[in-house]
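I open this notebook to record what I looked up in the structure, entry by entry. The structure itself is placed first, for reference.

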2 protein chains.
Amino acid sequence: MTTSQKAAILGGGVIGGGWLARFLLNGWDVAVYDPDPEAERKIGAVLANARRALPMLYEVRLPAEGRLVFCDTLAEAVAGATWIQESAPERLDLKHAILADVERHAPADAIIGSSTSGFRPSQLQEGLERPGAVLVAHPFNPVYLLPLVELVPSAVNAPDTVTRAADILRSIGMFPLTIGKEIDAHIADRLLEAVWREALWLVKDGIATTGEIDDAIRYGFGLRWAQMGLFETYRIAGGEAGMRHFLAQFGPALQWPWTKLMDVPDLTDELVERIAAQSDAQSGHMTIRELERLRDDNLVAKMRALKGRNAAVGVLLNAHEKTIAPPSEAVAGQALQTISRIVPVDWTDYNGHMNESRYGQAFSDAADAVLAVIGAGEDYVAAGNSFFTVETGIKYLAELHAGAPIHVETVVTEGAGKKLRLRHSLLGEDGTLHATGEQLLIHVSLETRRACEPTDAVRSALEGLAAAHAGLVR
Amino acid sequence: MTTSQKAAILGGGVIGGGWLARFLLNGWDVAVYDPDPEAERKIGAVLANARRALPMLYEVRLPAEGRLVFCDTLAEAVAGATWIQESAPERLDLKHAILADVERHAPADAIIGSSTSGFRPSQLQEGLERPGAVLVAHPFNPVYLLPLVELVPSAVNAPDTVTRAADILRSIGMFPLTIGKEIDAHIADRLLEAVWREALWLVKDGIATTGEIDDAIRYGFGLRWAQMGLFETYRIAGGEAGMRHFLAQFGPALQWPWTKLMDVPDLTDELVERIAAQSDAQSGHMTIRELERLRDDNLVAKMRALKGRNAAVGVLLNAHEKTIAPPSEAVAGQALQTISRIVPVDWTDYNGHMNESRYGQAFSDAADAVLAVIGAGEDYVAAGNSFFTVETGIKYLAELHAGAPIHVETVVTEGAGKKLRLRHSLLGEDGTLHATGEQLLIHVSLETRRACEPTDAVRSALEGLAAAHAGLVR
């Protein structure tokens with residue numbers, strides 16, 4: 001067991017609080033200095049969010065939290081710290097004063113990161129005794145979830161300092177992007193600021209509202225950018241002919257008034273060649289077809305994640321889905337056709353086939369279809385009743401792969417009082433039996449979370465269905 | 001059963017092909033006209049991608065595909081069509097010629113959409129007999145997955161035409177964003193073009209490579225934008241004080257050289273008021289705290305979707321996870337501690353608790369931990385062997401909610417030859433038993449996908465573990 005390391009957080013707003021949570025939840029001791037009398041309350045709010053969200057990202061427990069101390073002085077906060085993070089307001093004089101104070105009290109080998117959105121490291125380093133200890137470490141909100149940190153050294157930072165800084169950031173789950181040449185606002189904020197200024201024009205000129213602009217992003221290119229960025233996406237758009245073709249095709253548009261940003265670089269042969277070569281280095285190990293598949297699989301997985309939460313694009317997908325397929329209908333003497341679908345890519349695992357738990361998902365969804373048939377669907381749940389599964393058994397007979405059409409047939413083998421027992425058969429397109437499932441559900445009150453009798457209407461529908469299936473029960 | 005409707009696709013490149021797939025896979029008949037002799041091959045490639053990906057988005061089967069016809073003439077393609085989509089190259093003279101030809105042959109009430117990235121609808125309508133039939137319907141690549149369509153009418157389009165167009169687009173799963181005032185490049189492409197031009201400068205000036213710019217997007221704000229856009233994200237950044245505070249805080253940066261886009265609107269009181277009011281209308285029904293939770297839950301779900309695919313940010317999360325927790329270790333006479341984790345938000349369902357299938361997921365992951373202990377982990381799978389689950393039984397004893405810490409203890413109840421039988425106990429933080437699971441796995445060759453004997457090393461490790469657990473088997 002290594003002794004835990006100490007991080008000093010100077011400035012505890014949304015950004016400082018996010019840094020604090022990152023370090024603390026990854027096992028570091030954290031000392032905070034913020035003269036704001038409200039700091040402890042504000043940090044508490046960020047930390048509560050972080051404690052809830054960050055651990056959910058992992059299939060393992062995070063290390064035990066470090067020790068959190070609120071300090072009355074900057075000197076106390078930075079004493080013995082391995083990493084010191086300055087997140088003061090965006091004023092150079094203020095940052096200079098803080099950094100000068102830091103170097104008076106910090107250990108000689110401490111790394112001092114600044115969260116500045118816009119200042120260049122050489123600006124921050126002006127007038128310091130040990131400028132080589134200070135570099136830009138610019139994170140993105142929410143800092144406890146988004147991994148990007150722009151790590152920007154100047155010429156005075158030793159390469160070893162940059163490497164050590166990057167290693168520390170990686171150890172707390174972040175993605176340090178080292179930027180070799182300093183520039184105002186680094187990289188990401190330049191892109192963001194261009195979008196922001198363009199968006200302000202659209203609102204000012206009455207072309208779109210803030211809500212419409214957000215929709216244009218989250219139903220469109222925002223979905224792409226969570227996986228591939230700008231250039232890899234456009235490389236695909238260029239097709240087999242690649243990035244040079246894309247640039248030739250869209251080059252002329254650079255002269256058109258498609259944005260207010262009319263100061264554009266000339267697409268010289270040299271620039272085209274540089275972009276194409278960099279794009280080859282980045283993505284050239286995959287064919288366009290492979291990139292398309294990768295893009296599509298990732299889009300499907302992300303869109304399905306939002307569908308599961310009924311958020312953003314998920315709202316649209318769920319609404320559209322309801323218009324596609326009619327609900328299951330009971331036909332006397334026949335098993336219910338409960339599920340008919342395609343195996344999605346996010347249901348597969350490292351063995352390249354549908355994970356065992358997703359057979360359980362299909363049967364869980366099949367049970368929901370039965371519940372809808374007996375009038376115990378969404379409205380019934382909203383009114384405070386439901387059925388919970390108490391026991392399930394699955395026999396796996398054959399593998400399934402992404403893209404395979406499957407359907408589930410379900411028989412009510414027992415339906416009386418609080419009890420509902422189902423037998424499911426999971427079949428492939430050609431009728432092959434891939435799995436069977438037995439499931440026992442109990443009717444519950446969602447208020448008491450305990451077993452109770454269903455409503456008369458549901459009980460009678462359930463008994464009717466059980467009677468109609470009586471001949472199918474082996 | 002309604003008779004299926006017909007869409008005409010004029011131009012079958014990546015965009016036209018994507019439109020074609022959207023209509024066809026949603027049950028429309030589709031007629032294509034594209035003079036390119038390669039059109040059928042190119043469309044085939046897009047359609048193959050679409051047939052694979054689009055159906056995976058839904059928990060139900062899409063309707064049966066419509067009929068696809070390649071036509072020799074534009075007249076044949078548009079005859080009887082309800083929707084006609086023009087996706088020709090971005091040249092106004094070319095689009096004019098096509099649209100004039102379309103209105104000579106199309107039904108009087110057909111809607112004619114143009115995929116133009118940049119032209120305004122009134123430009124397209126110039127010189128037409130029935131300009132009111134033509135509007136911009138600008139989609140995003142891949143058209144078969146991304147739902148956004150910018151629907152831009154001019155003053156000559158009847159409101160009923162716009163409503164009908166929007167209804168049709170929604171019926172094929174798209175998100176029509178009607179833009180009230182035409183402008184070059186509409187909304188999304190203006191934002192994209194601003195980013196693109198800024199990115200070209202960064203490459204030209206040697207600040208960053210294409211790969212670094214893409215990383216700055218996909219590990220940072222790209223993750224945010226798949227759910228909330230620009231303004232709702234910044235509303236949160238403004239905290240309890242809201243959008244006015246955010247604008248006051250970041251207003252001065254508009255004058256700074258944070259992008260090459262230096263033509264900026266004045267942040268007058270009127271503009272600030274407009275943005276704040278629009279933001280209130282968009283998100284004012286939620287507190288900042290609620291927005292933060294929504295943002296975080298969606299981020300967690302999306303990041304976990306990419307983690308499951310080991311793509312983009314998922315690569316980072318998986319690598320970090322390996323540094324956090326040591327693998328399970330066998331201790332003689334004790335159950336294996338196989339899983340220790342938090343219930344993530346994407347494991348919960350409409351009942352507000354962990355879905356039954358995720359108990360199966362936890363037990364499936366627990367089995368993987370056992371396999372790692374006996375030397376049948378990742379490398380073993382890569383070498384062509386694995387264990388497949390053939391039978392599982394779960395008893396659900398108590399509910400679990402998002403954020404709950406859980407752990408799983410696993411006993412090898414049988415381990416000999418090809419057979420591995422496990423008994424899992426899923427426990428809460430306080431030791432409450434939430435579920436038990438019994439699982440039978442069989443050793444398989446990943447080449448033949450059939451049962452076979454494990455390697456000697458794995459067999460002997462398995463037998464050793466079974467012997468060590470003998471006293472724990474009830």
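This is a predicted model: local features need pLDDT of at least 70, side-chain atom pairs count only at pLDDT 80 or more; totals for chains, interfaces and linings use all residues.

Entry 1. I looked up how chain A is divided, and found domain 1 (6-178), domain 2 (189-294) and domain 3 (325-472). I then looked up the C-alpha centres of domain 1 and domain 3 of chain A, which lie 50 Å apart.

**Entry 2. Relation of the two chains.** I asked by what turn chain A can be laid on chain B. A turn of 180° with a shift of 0.0 Å along the axis does so, with an RMSD of 0.0 Å. The two copies are therefore related as by a two-fold rotation axis.

**Entry 3. The interface.** I looked up the contacts between the chains: 147 residues of chain A are in contact with 146 residues of chain B. On the chain A side, helix 7 (residues 188-204) gives the largest share, 17 residues. By class, I recorded 80 nonpolar, 32 polar and 35 charged residues on that side of chain A. I also recorded that 99% of the interface residues of chain A are interface residues in chain B as well, so the copies meet through the same surface.

Entry 4. Is Val195(A) buried or exposed? Val195(A) has 25 C-beta neighbours inside 10 Å, and because 20 or more are required, it counts as buried. Leaving aside neighbours within four places in sequence, Val195(A) is in contact with Leu191(B), Ala194(B), Val195(B) and Leu230(B). I also looked up Ser386(A), 191 residues from Val195(A) along the chain; their C-alpha atoms are separated by 47 Å.

Entry 5. I found strand 10 (residues 385-396) of chain A joined by 5 bridges to strand 10 (residues 385-396) of chain B, and the two run antiparallel. In this pairing, Ile394(A) stands opposite Thr392(B).

**Entry 6. A loop residue of chain B.** I located Arg61(B) in the loop between helix 2 (39-53) and strand 3 (68-70) of chain B. Arg61(B) has 16 other C-beta atoms within 10 Å and is partly exposed. Apart from neighbours within four places in sequence, Arg61(B) is in contact with Ala325(A), Ser340(A), Arg341(A) and Pro405(A).

**Entry 7. Parallel strands in chain A.** I began with strand 1 (residues 6-10), which 4 bridges join to strand 4 of chain A, the two running parallel. Here Leu10(A) stands opposite Glu86(A). Strand 4 is joined in turn by 4 bridges to strand 5 (residues 111-114), also parallel, with Trp83(A) opposite Ile111(A). From strand 4 the chain crosses through helix 4 (residues 92-105) to strand 5, and this β-α-β crossover is right-handed. I then found 3 bridges from strand 5 to strand 6 (residues 134-139), again parallel, with Ser114(A) opposite Val136(A).

**Entry 8. Faces of strands 4 and 5.** I recalled that in a regular strand the side chains alternate between the two faces of the sheet. In strand 4 (residues 83-86) of chain A, Trp83(A) and Gln85(A) lie on one side, Ile84(A) and Glu86(A) on the other, and all are buried. In strand 5 of chain A, Ile111(A) and Gly113(A) point one way, Ile112(A) and Ser114(A) the other way, and all are buried.

How values were computed. Residues are numbered from 1 along each chain as its sequence is written. Chains are lettered from A and ligands numbered from 1 in the order in which they are written. Two residues are in contact if their C-beta atoms, placed from the backbone, lie within 7 Å. Ala, Val, Leu, Ile, Met, Phe, Trp, Tyr, Cys and Pro count as nonpolar, Asp, Glu, Lys and Arg as charged, and the others, Gly among them, as polar. Two strands pair if DSSP finds at least two bridges between them. Domain bounds come from an automatic or database domain assignment. Copies are superposed by least squares on the C-alpha atoms of residues with pLDDT of at least 70 in both. A residue is buried if 20 or more other C-beta atoms lie within 10 Å of its own, exposed if 12 or fewer, and partly exposed in between; C-beta atoms are placed from the backbone. A crossover is right-handed if, with the strands pointing away from the viewer, the path from the first strand over the helix to the second runs clockwise.
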